[in-house]
Amino acid sequence: MSRIRLFIMAFALVMTLVPAAALAADPTAEVAPGPATGHVAYQPLTRAQLRSVAVRDRLAVQLAATFGSGGSAAPDRPPCPSSPGSRVEAATGSGSCVSDFVAINPRQQVKWNYCGPATVQQVINFTRGISTDNNAVNIFTQQQISDWWLKTDANGGTSPSAERVGMNAGSRLPAGFAYAEYRIVSGADWHSRIVTDVTGWNMPLTAVVAPHDVNFDSFLASWAEGKPVNTGHWIVVRGYYLNWDGTRNPLVYYTDSSGGLGGSTGRFYDPSFTVYQTLIKTNAVHSQGRWIVW
(Lines give C-alpha, C1' and ligand atoms only; values in the text may rest on other atoms or scores of the structure.)
Protein backbone atom coordinates (compact mmCIF):
# COMPACT_ATOMS: atom_id res chain seq x y z
CA MET A 1 0.00 0.00 0.00
CA SER A 2 1.42 3.38 -0.99
CA ARG A 3 2.55 5.92 1.54
CA ILE A 4 -0.05 8.42 0.25
CA ARG A 5 -2.90 5.93 0.72
CA LEU A 6 -1.74 5.09 4.26
CA PHE A 7 -1.55 8.80 5.07
CA ILE A 8 -5.05 9.43 3.75
CA MET A 9 -6.56 6.48 5.62
CA ALA A 10 -4.89 7.46 8.90
CA PHE A 11 -5.92 11.09 8.55
CA ALA A 12 -9.52 10.18 7.75
CA LEU A 13 -9.72 7.84 10.76
CA VAL A 14 -8.48 10.54 13.12
CA MET A 15 -10.87 13.13 11.71
CA THR A 16 -13.91 10.87 12.10
CA LEU A 17 -13.17 10.83 15.83
CA VAL A 18 -13.16 14.62 16.13
CA PRO A 19 -16.25 15.77 18.05
CA ALA A 20 -18.85 17.83 16.21
CA ALA A 21 -18.10 20.85 18.39
CA ALA A 22 -14.56 20.96 17.03
CA LEU A 23 -15.95 21.46 13.53
CA ALA A 24 -18.53 24.06 14.53
CA ALA A 25 -16.32 26.93 13.36
CA ASP A 26 -15.63 25.41 9.93
CA PRO A 27 -16.60 27.56 6.95
CA THR A 28 -19.68 25.69 5.81
CA ALA A 29 -21.58 28.38 3.93
CA GLU A 30 -22.66 27.21 0.50
CA VAL A 31 -20.92 28.82 -2.44
CA ALA A 32 -22.95 30.56 -5.11
CA PRO A 33 -23.75 28.65 -8.30
CA GLY A 34 -20.97 28.90 -10.86
CA PRO A 35 -21.08 28.61 -14.66
CA ALA A 36 -24.48 28.62 -16.34
CA THR A 37 -27.56 29.68 -14.42
CA GLY A 38 -28.56 28.71 -10.91
CA HIS A 39 -30.31 25.52 -9.90
CA VAL A 40 -34.06 25.97 -9.61
CA ALA A 41 -34.34 23.66 -6.60
CA TYR A 42 -31.12 24.41 -4.75
CA GLN A 43 -30.44 21.92 -1.97
CA PRO A 44 -27.78 22.82 0.61
CA LEU A 45 -25.59 20.07 2.01
CA THR A 46 -26.65 18.62 5.34
CA ARG A 47 -24.51 19.13 8.42
CA ALA A 48 -23.28 15.53 8.22
CA GLN A 49 -22.32 16.03 4.58
CA LEU A 50 -20.53 19.27 5.40
CA ARG A 51 -18.53 17.49 8.11
CA SER A 52 -17.47 14.77 5.68
CA VAL A 53 -16.39 17.39 3.16
CA ALA A 54 -14.43 19.24 5.87
CA VAL A 55 -12.44 16.05 6.58
CA ARG A 56 -11.42 15.75 2.93
CA ASP A 57 -10.73 19.45 2.65
CA ARG A 58 -8.23 19.35 5.51
CA LEU A 59 -6.50 16.38 3.94
CA ALA A 60 -6.33 18.01 0.49
CA VAL A 61 -4.80 21.16 2.01
CA GLN A 62 -2.14 19.06 3.75
CA LEU A 63 -1.37 17.13 0.57
CA ALA A 64 -1.07 20.32 -1.47
CA ALA A 65 1.46 21.63 1.02
CA THR A 66 3.68 18.58 0.38
CA PHE A 67 3.84 19.17 -3.37
CA GLY A 68 6.96 20.91 -4.61
CA SER A 69 9.76 20.84 -7.14
CA GLY A 70 11.01 17.53 -5.78
CA GLY A 71 7.64 15.96 -5.00
CA SER A 72 6.87 14.03 -8.18
CA ALA A 73 7.88 10.60 -6.89
CA ALA A 74 7.33 9.19 -3.41
CA PRO A 75 10.57 8.34 -1.53
CA ASP A 76 9.82 4.61 -1.54
CA ARG A 77 8.93 4.39 -5.25
CA PRO A 78 11.12 4.59 -8.37
CA PRO A 79 10.41 7.24 -11.02
CA CYS A 80 8.05 6.22 -13.80
CA PRO A 81 9.18 5.89 -17.44
CA SER A 82 9.32 9.18 -19.30
CA SER A 83 7.38 8.37 -22.47
CA PRO A 84 3.57 8.80 -22.32
CA GLY A 85 2.87 5.25 -23.55
CA SER A 86 5.17 3.74 -20.95
CA ARG A 87 3.65 5.92 -18.28
CA VAL A 88 0.19 4.54 -18.91
CA GLU A 89 1.45 0.95 -19.11
CA ALA A 90 3.46 1.23 -15.91
CA ALA A 91 0.79 3.11 -14.01
CA THR A 92 -1.92 0.58 -14.83
CA GLY A 93 0.32 -2.47 -14.61
CA SER A 94 2.82 -3.19 -11.86
CA GLY A 95 1.81 -0.25 -9.69
CA SER A 96 5.44 0.86 -9.44
CA CYS A 97 4.52 4.45 -10.30
CA VAL A 98 2.97 7.16 -8.18
CA SER A 99 -0.50 7.00 -9.68
CA ASP A 100 -4.05 5.83 -9.09
CA PHE A 101 -7.24 5.38 -11.12
CA VAL A 102 -10.93 4.60 -10.84
CA ALA A 103 -12.68 2.68 -13.60
CA ILE A 104 -15.03 5.17 -15.25
CA ASN A 105 -16.92 4.13 -18.38
CA PRO A 106 -17.43 7.07 -20.77
CA ARG A 107 -20.83 8.03 -22.11
CA GLN A 108 -21.80 10.08 -25.14
CA GLN A 109 -23.88 13.12 -24.23
CA VAL A 110 -27.25 12.99 -25.99
CA LYS A 111 -27.72 16.74 -26.44
CA TRP A 112 -25.29 19.56 -27.21
CA ASN A 113 -25.67 20.99 -23.66
CA TYR A 114 -25.83 17.65 -21.82
CA CYS A 115 -22.20 17.37 -20.71
CA GLY A 116 -23.48 17.87 -17.15
CA PRO A 117 -26.01 15.01 -17.27
CA ALA A 118 -23.45 12.82 -19.06
CA THR A 119 -20.78 13.32 -16.38
CA VAL A 120 -23.27 12.76 -13.56
CA GLN A 121 -24.48 9.63 -15.37
CA GLN A 122 -20.92 8.26 -15.45
CA VAL A 123 -20.37 8.93 -11.74
CA ILE A 124 -23.68 7.30 -10.80
CA ASN A 125 -22.94 4.28 -13.00
CA PHE A 126 -19.53 3.85 -11.37
CA THR A 127 -20.89 3.98 -7.83
CA ARG A 128 -23.59 1.45 -8.73
CA GLY A 129 -21.34 -1.08 -10.41
CA ILE A 130 -21.95 -0.44 -14.11
CA SER A 131 -18.75 -1.52 -15.89
CA THR A 132 -19.46 -1.42 -19.60
CA ASP A 133 -18.81 1.13 -22.33
CA ASN A 134 -22.25 0.39 -23.81
CA ASN A 135 -23.98 3.78 -24.01
CA ALA A 136 -27.38 2.12 -23.59
CA VAL A 137 -26.59 0.56 -20.18
CA ASN A 138 -27.15 3.07 -17.39
CA ILE A 139 -28.84 3.39 -14.01
CA PHE A 140 -30.61 6.59 -15.12
CA THR A 141 -30.93 8.23 -18.52
CA GLN A 142 -29.43 11.65 -19.09
CA GLN A 143 -32.93 13.02 -19.57
CA GLN A 144 -33.98 11.68 -16.15
CA ILE A 145 -30.87 13.17 -14.55
CA SER A 146 -31.67 16.55 -16.09
CA ASP A 147 -35.38 16.44 -15.22
CA TRP A 148 -34.99 15.20 -11.65
CA TRP A 149 -31.85 16.94 -10.42
CA LEU A 150 -29.80 19.11 -12.78
CA LYS A 151 -32.60 21.01 -14.59
CA THR A 152 -30.22 21.39 -17.54
CA ASP A 153 -33.01 21.94 -20.06
CA ALA A 154 -34.72 24.58 -17.93
CA ASN A 155 -31.49 26.44 -17.20
CA GLY A 156 -29.69 25.98 -20.51
CA GLY A 157 -26.68 24.42 -18.77
CA THR A 158 -25.48 22.76 -15.57
CA SER A 159 -24.15 24.80 -12.65
CA PRO A 160 -21.75 23.30 -10.07
CA SER A 161 -24.53 23.28 -7.46
CA ALA A 162 -26.83 21.35 -9.79
CA GLU A 163 -24.02 18.94 -10.72
CA ARG A 164 -23.41 18.25 -7.04
CA VAL A 165 -27.11 17.69 -6.33
CA GLY A 166 -27.27 15.00 -9.02
CA MET A 167 -24.04 13.29 -8.01
CA ASN A 168 -25.13 13.01 -4.39
CA ALA A 169 -28.76 12.09 -5.10
CA GLY A 170 -28.18 9.33 -7.63
CA SER A 171 -24.95 7.76 -6.40
CA ARG A 172 -24.18 5.13 -3.80
CA LEU A 173 -21.49 6.93 -1.84
CA PRO A 174 -18.88 5.51 0.55
CA ALA A 175 -19.41 6.07 4.24
CA GLY A 176 -18.16 9.50 5.25
CA PHE A 177 -18.19 10.86 1.71
CA ALA A 178 -20.35 13.53 0.06
CA TYR A 179 -19.80 15.56 -3.07
CA ALA A 180 -19.50 19.34 -2.81
CA GLU A 181 -18.84 22.14 -5.29
CA TYR A 182 -15.51 23.84 -4.73
CA ARG A 183 -13.55 26.64 -6.38
CA ILE A 184 -9.87 25.76 -6.94
CA VAL A 185 -7.30 28.29 -5.73
CA SER A 186 -4.06 26.93 -7.28
CA GLY A 187 -2.59 24.14 -9.36
CA ALA A 188 -1.40 22.28 -6.28
CA ASP A 189 -4.87 22.63 -4.78
CA TRP A 190 -6.40 21.22 -7.99
CA HIS A 191 -4.13 18.18 -8.07
CA SER A 192 -4.48 17.49 -4.34
CA ARG A 193 -8.28 17.23 -4.66
CA ILE A 194 -7.84 14.56 -7.33
CA VAL A 195 -5.37 12.57 -5.20
CA THR A 196 -7.62 12.87 -2.15
CA ASP A 197 -10.77 11.59 -3.85
CA VAL A 198 -9.22 8.94 -6.08
CA THR A 199 -6.71 7.46 -3.64
CA GLY A 200 -8.47 8.21 -0.37
CA TRP A 201 -12.04 7.27 -1.30
CA ASN A 202 -11.78 5.53 -4.69
CA MET A 203 -14.11 8.17 -6.13
CA PRO A 204 -14.02 10.31 -9.28
CA LEU A 205 -14.71 14.03 -9.44
CA THR A 206 -15.98 16.39 -12.13
CA ALA A 207 -14.63 19.70 -13.42
CA VAL A 208 -16.01 22.40 -15.71
CA VAL A 209 -13.40 23.60 -18.20
CA ALA A 210 -12.92 25.72 -21.32
CA PRO A 211 -11.92 22.70 -23.45
CA HIS A 212 -10.56 24.45 -26.56
CA ASP A 213 -10.84 28.23 -26.42
CA VAL A 214 -10.11 30.33 -29.49
CA ASN A 215 -6.51 31.65 -29.50
CA PHE A 216 -5.62 29.86 -26.26
CA ASP A 217 -2.63 27.51 -26.16
CA SER A 218 -3.97 25.08 -23.54
CA PHE A 219 -6.72 22.70 -24.64
CA LEU A 220 -7.84 19.16 -23.89
CA ALA A 221 -6.55 16.23 -25.92
CA SER A 222 -10.17 15.16 -26.29
CA TRP A 223 -10.82 18.42 -28.19
CA ALA A 224 -7.58 18.49 -30.18
CA GLU A 225 -9.29 17.65 -33.48
CA GLY A 226 -12.22 19.98 -32.96
CA LYS A 227 -12.61 23.56 -34.09
CA PRO A 228 -11.76 26.02 -31.28
CA VAL A 229 -14.89 27.39 -29.65
CA ASN A 230 -15.45 29.47 -26.53
CA THR A 231 -17.63 27.35 -24.31
CA GLY A 232 -17.77 25.58 -20.95
CA HIS A 233 -17.71 21.81 -20.62
CA TRP A 234 -17.96 19.19 -17.84
CA ILE A 235 -15.52 16.25 -17.69
CA VAL A 236 -15.07 13.36 -15.23
CA VAL A 237 -11.62 13.22 -13.63
CA ARG A 238 -10.71 9.62 -12.84
CA GLY A 239 -7.02 9.44 -11.95
CA TYR A 240 -3.56 10.95 -11.79
CA TYR A 241 0.11 10.21 -12.40
CA LEU A 242 2.76 11.84 -10.20
CA ASN A 243 2.26 14.68 -7.76
CA TRP A 244 1.98 18.34 -8.72
CA ASP A 245 5.34 20.06 -9.21
CA GLY A 246 4.42 22.93 -11.53
CA THR A 247 5.72 21.13 -14.64
CA ARG A 248 3.88 19.27 -17.40
CA ASN A 249 5.09 15.87 -16.14
CA PRO A 250 2.20 15.07 -13.74
CA LEU A 251 -0.86 13.84 -15.61
CA VAL A 252 -4.59 13.61 -14.97
CA TYR A 253 -6.89 11.04 -16.55
CA TYR A 254 -10.45 11.89 -17.50
CA THR A 255 -13.41 10.93 -19.64
CA ASP A 256 -15.12 13.17 -22.17
CA SER A 257 -18.64 12.93 -23.63
CA SER A 258 -18.51 15.42 -26.51
CA GLY A 259 -18.11 13.21 -29.59
CA GLY A 260 -19.44 15.02 -32.66
CA LEU A 261 -20.13 18.15 -30.60
CA GLY A 262 -16.71 19.78 -30.68
CA GLY A 263 -14.68 17.09 -28.94
CA SER A 264 -14.49 13.32 -28.58
CA THR A 265 -16.03 10.68 -26.35
CA GLY A 266 -13.76 8.28 -24.49
CA ARG A 267 -10.86 8.07 -22.02
CA PHE A 268 -8.06 10.61 -22.24
CA TYR A 269 -5.11 12.01 -20.31
CA ASP A 270 -3.32 15.35 -20.31
CA PRO A 271 -0.74 17.14 -18.20
CA SER A 272 -2.40 18.23 -14.98
CA PHE A 273 -1.02 21.71 -15.71
CA THR A 274 -2.86 21.81 -19.06
CA VAL A 275 -6.19 20.74 -17.60
CA TYR A 276 -5.73 23.26 -14.80
CA GLN A 277 -5.24 26.00 -17.42
CA THR A 278 -8.54 25.05 -19.09
CA LEU A 279 -10.18 24.98 -15.65
CA ILE A 280 -9.22 28.56 -14.82
CA LYS A 281 -9.74 29.95 -18.36
CA THR A 282 -12.93 31.97 -18.67
CA ASN A 283 -14.99 33.12 -21.62
CA ALA A 284 -18.49 34.44 -22.26
CA VAL A 285 -20.03 31.03 -21.56
CA HIS A 286 -17.50 29.71 -19.05
CA SER A 287 -17.65 32.93 -17.09
CA GLN A 288 -16.67 31.70 -13.62
CA GLY A 289 -13.70 29.40 -13.81
CA ARG A 290 -12.09 27.09 -11.23
CA TRP A 291 -15.18 25.06 -10.33
CA ILE A 292 -15.04 21.36 -9.55
CA VAL A 293 -17.41 18.97 -7.79
CA TRP A 294 -15.29 16.67 -5.67
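**Strands, cores and aromatic contacts in a predicted model**

Asn-215 is found in the loop between strand 3 and strand 4, where helices (H or I, at least four residues) and strands (E, at least two) are DSSP runs numbered from the N terminus. Asn-215 is not a glycine, yet has a positive phi of about 60 degrees. In general, most residues other than glycine have a negative phi. At 78% relative accessibility, Asn-215 counts as exposed; here exposed means over 50% relative accessible area, buried under 20%, and partly exposed in between, with a 1.4 Å probe and protein chains only.

Asn-202 also has a positive phi without being a glycine, at about 55 degrees. Asn-202 lies in the loop between helix 8 and strand 3, and its 40% relative accessibility makes it partly exposed.

Residues are numbered from 1 along each chain as its sequence is written, and side-chain values use heavy atoms, with hydrogens and water left out.

Let me turn to the overall picture. The protein has nine helices and seven strands. Of its 294 residues, 54% are buried. The accessible surface comes to about 12000 Å², and 56% of that belongs to carbon and sulfur atoms; these areas come from the Shrake-Rupley method with a 1.4 Å probe, and for residues only the protein chains shown count as cover. Among contacts (heavy atoms within 4.5 Å) between residues at least 6 apart in sequence, 70% join residues at least 24 apart.

Which strands pair with strand 4? Strand 1, residues 99-101, pairs with strand 4 in the antiparallel sense over three bridges; two strands are said to pair if DSSP finds at least two bridges between them. Within that pairing, Ser-99 has Tyr-241 of strand 4 as its bridge partner. Strand 3, residues 205-209, is also antiparallel to strand 4, over five bridges, and there Val-208 stands opposite Trp-234. Strand 5 pairs with strand 4 in the antiparallel sense as well, over five bridges, with Tyr-254 in strand 5 as the bridge partner of Val-237. Strand 4 itself, residues 233-241, is mostly covered: nine of its nine residues are buried.

The next topic is the nonpolar cores. A nonpolar core is a set of buried Ala, Val, Leu, Ile, Met, Phe, Trp, Tyr and Cys residues joined through side-chain atoms within 4.5 Å. The largest holds 51 residues, of which Trp-190, Ile-194, Ala-207, Ile-235, Leu-279 and Ile-292 touch the most other members. Helix 8, residues 187-201, gives the most to this core, with six residues. Leaving aside residues up to four places away in sequence, Ile-194 touches Thr-199, Leu-205, Val-237, Gly-239, Tyr-240 and Val-252. A second, separate core of six residues includes Val-98, Phe-101, Tyr-241 and Tyr-253. In soluble globular proteins, nonpolar side chains tend to be buried together.

Helix 7, residues 160-170, is mostly covered too, with ten of its eleven residues buried. Among them are Glu-163, Arg-164 and Asn-168.

I come now to the aromatic residues. A search of the whole structure finds eleven aromatic pairs. Rings of Phe, Tyr and Trp (its six-membered ring) pair if their centres lie within 6.5 Å; planes under 30 degrees apart count as stacked, over 60 as edge-to-face and the rest as tilted. Phe-140 and Trp-149 form an edge-to-face pair, 5.3 Å centre to centre with 85 degrees between the planes. Phe-140 is buried at 18% relative accessible area, and Trp-149 is buried at 13%.

Tyr-254 and Phe-268, by contrast, are stacked, 5.9 Å centre to centre with 25 degrees between the planes. Because Tyr-254 lies in strand 5 (residues 251-257) and Phe-268 in strand 6 (residues 265-271), this pair ties together parts that are 14 residues apart in sequence. Tyr-254 is buried, with a relative accessible area of 0%, and Phe-268 is buried at 18%. Elsewhere, Phe-101, Tyr-253 and Tyr-269 form one aromatic cluster.

Finally, which rings have Arg-56 over the face? One is Phe-177, with Arg-56 at 4.1 Å from the ring centre. Another is Trp-294, with Arg-56 at 4.2 Å from the ring centre. The criterion is that NZ of Lys or CZ of Arg is within 6 Å of the ring centre and within 35 degrees of the ring normal.

Definitions and conventions:
Predicted model: local features only at pLDDT ≥ 70, side-chain atom pairs only at ≥ 80, totals over all residues.
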